Amino acid sequence: MKVWQCVVCGYIYDEASGDPEHGIAPGTAWEDVPDDWCCPDCGVSKADFEMVEV
Amino acid sequence: MQPLVIIGAGLAGYTLAREWRKHDAHSPLTLVCADHGDFYAKPMLSNAFAQHKEPERLINAPAAQMAEQLGARLLSETRVEALDIAAQRITTAAGTLEYGALVLALGADPIRLPLAGDAAAAVLSVNDLDDYRRLRGLLKPAARVAILGGGLIGCEFANDFAGAGLAVTLLDPAPRPLASLAPAAVGERLAAALVAHGVDWRPGRALRAVEHAATGYRLTLDDGSELFADVVLSAVGLRPRTQLAQAAGLATARGIVVDGGLRSSAPAVYALGDCAEIEGRVRAYVMPIMQTARALAQTLAGTPSHVAFPPMPVVVKTPACPIVVEPPAAGLAVDWRYEELAGGLIARGVAADGTLAGFALAGSGVVGQRNALVKALGAPV
C-alpha cells in the first residue's frame, strides 16, 4: 500500500485508508481511483493530481 | 494569432493554463510573472516546518518544466508595468506584448498594519515562497515567534511552529481565533487546543509597536504589556492587487470587478484568483480557483461559461484540532446548534426556515463527517 500527497494542498491519500467519504473503499490503489475523483481538500482533479509518493 | 497572455504564475495562473490546454493544445500561450515562476504548493507554506520540509521541497515543478509542460512562453522575473486595453497590449520591463485575450491572475498583497517603533519594518508577512524562505532562515531552534492574526493562516503557522518546539505567541484583537470564519464554540475549541499545544494565545490584544531589543524585538501591546520575540510574523489578511487594472481604467472595487464569466469591464480581459472580485465577492482559498479556472478555460476555448460554486468547505490544517468550516451565506442569520461527540464538536448553522445553512467541524474524530454535512445542506435539520 502506498501513500500519496496532493502537491497543491498537502492532502494525504493513503491507499490503505482510501477515501470512504467519497466512495473510495479502503485498500483502493491510486490507479484504481476513478478519474473524476477530486482532492477533497482543494478540488484538484485526479487528471492533474500530481501526487507524490511519500 | 495573438497569444493568450496570463499575468501571474501562482496557483490561479498555472491552473488556468493547464485547464485551457485541455481544450486547446496548440494556440500560443504566454505567461508573465514577477517572480521565478516555479510552481509550488502555497497552502503548504503554513504546514511545512513541523514536517521538516525545506522550502525547496515545496516546489513541484521549476519554471522551465512548467513552460515545457504547458507549451507556453514563460517570462519570469518580468514585472508588468501597464495594460493598454485599446491596443490589446501590455508593457513589461522587457518590452511590449500583444494579446488576443488577457487574464489577470495577479494575486493579493499582505495587509500591513500601521505599527510604531524602530523595528516596525522587521515584521514579516508570508505570501509566497520567497517570503517563506526568508522566514525559515530566521527560525532558529527555540526561536520566539509572535504571530499577528488568529485567522486561518495565523492559526496554521502557530500550530506548525509550536509543534516544532518554537515558543509561539498568537495575538488577535478578537476574543477567539477564526472569529470571522467559524462559530464561537469552534473558535474556542481551537484556542484551547493551541494552548494545550504550547501556544501563548492572547485574545483581544493588538500590537502597537515593535522595537529592537538586545536580542530580537520588544513588542508593545495595546494594553501596555510587553513581550519579546525573535521573529514577528503578520498574518492579518490580504488585499487584492488592483493597481494595474485600475491604472488601465478597468472597474475595480475590493478586487478587479468581473462577472460570473470572469469578464472584466474591458473587452478580452479576464481576472481570477485572489485579485478578482467575482459577482461582488472576493473568494479566498484554493477551491474557488479550481472552479473558476475550469469555467474560464472553457470560455477562452470558445464555449462561454459561467462559474458555478458548489459548497466549498474551508479546511484549517491545525493538527492540534483539525477544522472544517462551510460558512453560511454572508448576511444570513443562523442559530448555531452544537453536538459534542467523543471525537470533537459539530456545529450546525440552522436558518430561520429550519434548514442547514452551514456547518463547522472541530476535532480529528468529526472532520470526516464533512461530506455527509455537505449533502445535508439545504435540508431540514
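This report walks through selected features of a predicted model with chains A and B.

## Ground rules

The model is predicted, so local features need pLDDT of at least 70 and side-chain atom pairs count only at pLDDT 80 or more, while totals for chains, interfaces and linings use all residues. Residues are numbered from 1 along each chain as its sequence is written, chains are lettered from A and ligands numbered from 1 in the order in which they are written, and side-chain values use heavy atoms, leaving out hydrogens and water.

## Chain A

Chain A has three strands and zero helices. Its pattern along the sequence is β-β-β. Helices (H or I, at least four residues) and strands (E, at least two) are DSSP runs, numbered from the N terminus.

Chain A has 54 residues, and 54% of them count as buried. Buried means under 20% relative accessible area, exposed over 50%, and partly exposed in between (1.4 Å probe, protein chains only). Chain A exposes about 2,500 Å², with 52% supplied by carbon and sulfur atoms. These areas come from the Shrake-Rupley method with a 1.4 Å probe; for residues, only the protein chains shown count as cover. Take the contacts in chain A between residues at least 6 apart in sequence: 36% join residues at least 24 apart. A contact means heavy atoms within 4.5 Å.

## The second largest pocket

The second largest pocket has a volume of about 740 Å³. Of its 33 lining residues, Y11(A), D41(A), V315(B), K317(B) and P322(B) are the closest to its centre. In chain B, α4 (152-163), β23 (314-316) and β24 (323-326) each supply at least two lining residues. The largest share, four residues, comes from α4(B). The lining divides into 14 nonpolar, twelve polar and seven charged residues. Ala, Val, Leu, Ile, Met, Phe, Trp, Tyr, Cys and Pro count as nonpolar, Asp, Glu, Lys and Arg as charged, and the others, Gly among them, as polar.

Pockets and cavities are found on a 1 Å grid over the protein atoms alone: in a cavity a 1.4 Å probe fits but cannot get out, a pocket is an open set of points with protein on both sides within 12 Å along at least five of seven lines, and lining residues have an atom within 4 Å of a point. Points are joined across faces, edges and corners, and a volume is the space filled by probe spheres set on the points.

## The largest cavity

One cavity of 30 Å³ or more turns up in the whole structure. The largest cavity holds about 30 Å³ of space. Its lining is G273(B), D274(B), I278(B), R283(B), P288(B), I289(B) and T292(B). Helix α7 (residues 286-300) of chain B gives the largest share, three residues. Three lining residues are nonpolar, two polar and two charged.

UniProt, in an unreviewed entry, lists residues 4-286 of chain B as "domain: FAD/NAD(P)-binding". Over residues 4-286, chain B is 22% helix and 30% strand, and the end C-alpha atoms are 23 Å apart.

A17(B) is found in helix α1 (residues 11-23) of chain B. A17(B) is buried, with a relative accessible area of 0%. Leaving aside residues up to four places away in sequence, A17(B) touches I6(B), L29(B), L31(B) and L70(B).

## Two positive phi values

Most residues other than glycine have a negative phi. Q88(B) has a positive phi, near 50 degrees. Q88(B) lies in the loop between β6 (80-84) and β7 (89-92) of chain B and is partly exposed at 26% relative accessibility.

Y285(B) also has a positive phi, near 75 degrees. Y285(B) sits in the loop between β22 (276-278) and α7 of chain B. At 38% relative accessibility, Y285(B) is partly exposed.

Conventions: UniProt positions are given in the numbering used here, feature names are shortened, and annotations may be inferred rather than shown by experiment.
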